[in-house]
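These are my notebook entries on one chain. I wrote down what I looked up and what I found.

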Amino acid sequence: MTSTLEDPARLAALAGAGLLDAPAQEPFDRLTRLAARIVRAPIALMTLVDCERQFCVSAVGDPSAANRVGELSHSLCRFVVESAEALVVDDLRRHPRLQSHPALQELGVVGYAGVPVVTADGHVLGAFCVAAREPRAWSDDDVAALQDLSAAAATEIDLRRAIGDMDDQHRRLRDSEARKAAILESALDCVVTMDAEGRVVDFNPAAERTFGYSREEVVGRELSELIVPPSLRAAHRARLARQLATGRPGYLNQRLEMPAVRADGSELPVELTITRTDVGGAPLFTGYLRDLTEVRRAQEDLRDAERRFRALVEQMPTVTYVRDHGGVGRLRYISPQIEAATGYPPDRWTGDADLWVRSIHAEDRAGVVAELRRCVERDEPYAGEYRVVCADGRERTVFTKEVVVRDDQGVPSHRQGSCVDVTDLRRAEAALRASDELNRSVVAILDEGVVVLDADARTITCNDSATRILGLERSALIGARPPFLPLFREDGTRIRPEDSPARAALQSGLPRRDLVLRVLRPDGAEAWLSVNYLPLTDEQDGAVTGLVWSFSDITVRRRSEQEVARLAFHDGLTGLPNRAQLEDHLARSVARAHRSGRAGAVLFIDIDNFKLVNDSLGHAAGDELLRQVAARLAACVRASDLLARHGGDEFMLLLDDLSLDPRSAAEAVAAKLLRALDAPFVVEAADLHVAASIGIALYPRDADTPGELLRHADVAMYAAKRAGRNGYTCYTADSDDSRRRLTLTARLRRALVRDEFRLHYQPVFDLSRSAPVGVEALIRWEDPDEGLIPPDRFIPLAEETGLIDDIGAWALDAGCTQAVAWERAGLVQQLFVNVAPRQLRCPGFADTVRQALDRHGLDPSRLTVEITESAAMSEPQQTDAVLGALHAIGVRVAIDDFGVQHSSLSRLRELPVDMLKIDRSFLRGVPEDPNAAAIITAILTLAGALGMQAVAEGVETAEQQRFLVSEGCPLAQGFHLARPMPAEQATAFLLADAGRGAASQQR
């Protein structure tokens, strides 16, 4: 496509746009601002170019555009218009053809990129461009963005022009109809009265003018001899006689078209209506005649006008239509453009009365139809914007404008309207609004401090956030130079005033972004800041005139990150390394042992009868005892050894670089640990005596892999317990009680067959309402001999032997059955079901869950599967696929016991996880222990940042509940709120809570 400046068609289109010498208009200003923001250019312009000048419709950042009109010799946009192609110049000074152009010499433009503004009918009106006063490498994305925005500008111009043309057509049509009405009204003016013999009684002046007779000439004469053609006179007399003889209406009160003759013998078409009136018993017939000559001529003119109007509207980019006034969808006419716009041909629209309504988007349909009906009922015009669904399923946004067309008496006869596709325009506007809203939201959320400096680095002004974050009064900042306080980089080095980043930004004129600095406030507290320095430049000469220094207080986030990183490798209760850190150290220790030939050992330490302490004194006392035990054990080990809490009442000790007799060395350490536990522990004013069973596994003697070494230490610990507790045992091949494991495996198989498993349900509460919103299904084994067996006794073996698949399937099925029963009773609750790592590694697990939901008719959104932290982090290829499949069918995913294992924050961010269940160990000591409270706060912050819900487990006191509410924790469960209970008790509990809620609403 090429263009010339003098092209008459182009100039006509330019004039028709109505934008030359017009004031700036907001739609184009929004587009240029958006261009400057997207392309990151200091100058953005939209210009229209005729054959003698260029006119700036909108400008951002260019003072030369203030006069609005410029000479073509100074314009780079003329090249865009003449070539009808994009002009992209990184550096005008190096361009062989443009290096002496006035835009470079006088306006200071160095980098330029412009694209043509092309209307729908192919006319190039001007250019949409960006510029810089320094060299600029424009990317393909920059040019593509300019082309999209230029298309939006052209659409706006086309829309305005189309609406203007449509209004002109409406005016012309109304004028035409008024002329026709005047012709028709002037023709309906002949009144002739006859007696029973057909003789003329009266002949009005209009009839005189029409037929060429005076009244005196025709009164008393038979009308048929005057104006009825000879060939019709006999029929006329016969009809009159028949009417008089029978009294039947006949042709009375009917409109008849017939030929008539004038006095000079010429014929004319007339419309005749005859009425009868009896006066004094004698009938009189009145004939109303209308000369149809002009009507016929007007009708032909109207048909010609309609043909011309149809040809005109069918060339416009706007869809034009005519429809009945009394309805919503019945169309009389719609222009052919509708097929290109929607995919449906015009005859589909006029033949299918419901297509109009059906094509409206389902979400918009009710509102649009209601407004259309309201306008029809009130005889008002309609204007509205809504979405339509095309034949191929595409969604488009259209603007429809509709007016009422009335007849000569002012009665609505039909409705006429136009429909314009504004999809592209609305998308551009939405992008601009989204960008502006995003900027406002970011400023509001960040609560940034802002300090403005002059060219001499002195503070001109600042906002309240700056004084709050820095801890300084406003008077201390105004007139001062930064840094106002001791300022340090991330590596701890102090920033000297002469090395201030603010000074560097002022001197270089280059922004400095995303610096992380630490400042010491006057009150002695330190604050971490995320800092940006943005130089301010003069638009004319580019000189640096000042600086904006903005900063955010990220102290809480920084501490949270440090705390979360610490939690990943430390136990929240004892402060010892956790199992993740132990496994990491063990892997490296085994690798070193393989290289050096040195031996090592793992000691598995389990506190004997610890459950009695929890049951008798409560979990708080148990936690205190574990902290004291950890302290004593830690005092017995070398700095090179690693003591870790494995979980619960279990500890593990890793010994490196043992002597030539590693077994004796490990046993000596074990004996030392047992002696350290001999002295009583004082817990809640009570003396507690604690013993431990210790299992020892040596490497490389007992195992040469970390996993096998840990398992053998566990087996040896159980052997120590069987030997009488309060002692230690080294692993041997006979330590593993295979018979016991086989027996337990067989019993588990029988339990599945005999249906000995039960589900207990522990409610999960919404803390803001103190109301249950879900229940966690907890499996129990009701053994005929031992009674109720907790899951920690059989689940590990079930997972190791593969029985967990059948047990897990049973638990899922039983939980869904109970959830459906509650739903039918009006007790809709979220169901939480635990999933073992082995189940999660099964590729078909998501299908198993979906089939169970389909079988019971349970909505997938009602089910939450709980997975362990270690299962979520391991084997990502298998785990991610299963979790993704669960998420796809609508099932929610929660990570259970979060914080006790090792989590990768980057991996956690990528998983489709909806909920974090905070391990109960972190809640112990809250709110008295500030460190424990800080851990809970850090995890809540992390969950919120990742868009996940947090559930606190193990709430056992009212104080803990109040603390969680104050910290904004949404959900919680624990003995203080409700204990696990069988289904019957859980049902009664939920019914009681529902009753309390209903009573509260009535009050």
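Where is Pro700 found? I looked it up in the model, which is a predicted one. Pro700 sits in the loop between strand 28 (692-699) and helix 24 (706-722).

**Entry 1: peptide bonds and phi angles**

The peptide bond from Tyr699 to Pro700 is cis, with omega near 15°.

I then looked at phi. Asn726 is not a glycine, yet its phi is positive, about 50°. I found Asn726 in the loop between helix 24 and strand 29 (727-730). Asn726 is partly exposed, at a relative accessible area of 44%. Asp755 is not a glycine either, and has a positive phi of about 55°. Its loop runs between helix 25 (738-753) and strand 30 (757-766). With a relative accessible area of 43%, Asp755 is partly exposed.

**Entry 2: helix 9**

I compared the length of helix 9 (residues 230-246) with what its residue count predicts. At 1.5 Å a residue, its 17 residues should span 24 Å, and the end C-alpha atoms are 25 Å apart, which agrees.

Which residues of helix 9 are buried? I listed His236, Leu240 and Gln243. Seen down the helix axis, the buried residues fall within an arc of 60°, so they line one face of helix 9. The face turned away from that buried side carries the exposed residues Ser231, Ala234 and Ala245. I also looked up what the buried residues pack against: helix 8 (223-226), strand 10 (267-279) and strand 11 (282-291).

**Entry 3: strand 11**

Seven of its 10 residues are buried, so I noted the strand as mostly covered. Strand 11 runs antiparallel to strand 10, and 10 bridges join the two. Across this pairing, Glu271 stands opposite Arg290 of strand 11. The hairpin of strand 10 and strand 11 has two residues between the strands, and there Gly280 takes a positive phi near 60°. Strand 11 also pairs with strand 7 (residues 190-194) in the antiparallel sense, over five bridges. I noted Phe285 in strand 11 as the bridge partner of Met194.

**Entry 4: salt bridges**

How many salt bridges does a search of the whole structure find? The search gives 61. I looked up a few of them.

Arg850 and Asp854 form one, with the closest N and O atoms 3.5 Å apart. Both residues lie in helix 29 (residues 845-856), four residues apart, about one turn of the helix. Arg850 is partly exposed at 34% relative accessibility, and Asp854 is exposed at 54%. I also noted a network in which salt bridges with shared partners join Arg30, Glu385, Arg426 and Glu429.

Glu776 and Lys917 form a salt bridge too, with the closest N and O atoms 3.1 Å apart. Glu776 lies in strand 31 (residues 771-783) and Lys917 in strand 36 (residues 915-918), so this pair ties together parts that are 141 residues apart in sequence. Both Glu776 and Lys917 are buried.

Arg53 is partly exposed, with a relative accessible area of 22%, whereas Asp50 counts as buried at 13%.

Definitions and conventions: Residues are numbered from 1 along each chain as its sequence is written. This is a predicted model: local features need pLDDT of at least 70, side-chain atom pairs count only at pLDDT 80 or more; totals for chains, interfaces and linings use all residues. Side-chain values use heavy atoms; hydrogens and water are left out. The expected span of a helix is 1.5 Å times one less than its number of residues. Buried means under 20% relative accessible area, exposed over 50%, partly exposed in between (1.4 Å probe, protein chains only). The arc is that of the directions from the helix axis to the C-beta atoms. Contact means heavy atoms within 4.5 Å. Two strands pair if DSSP finds at least two bridges between them. A salt bridge is a side-chain nitrogen of Lys or Arg within 4 Å of a carboxyl oxygen of Asp or Glu.
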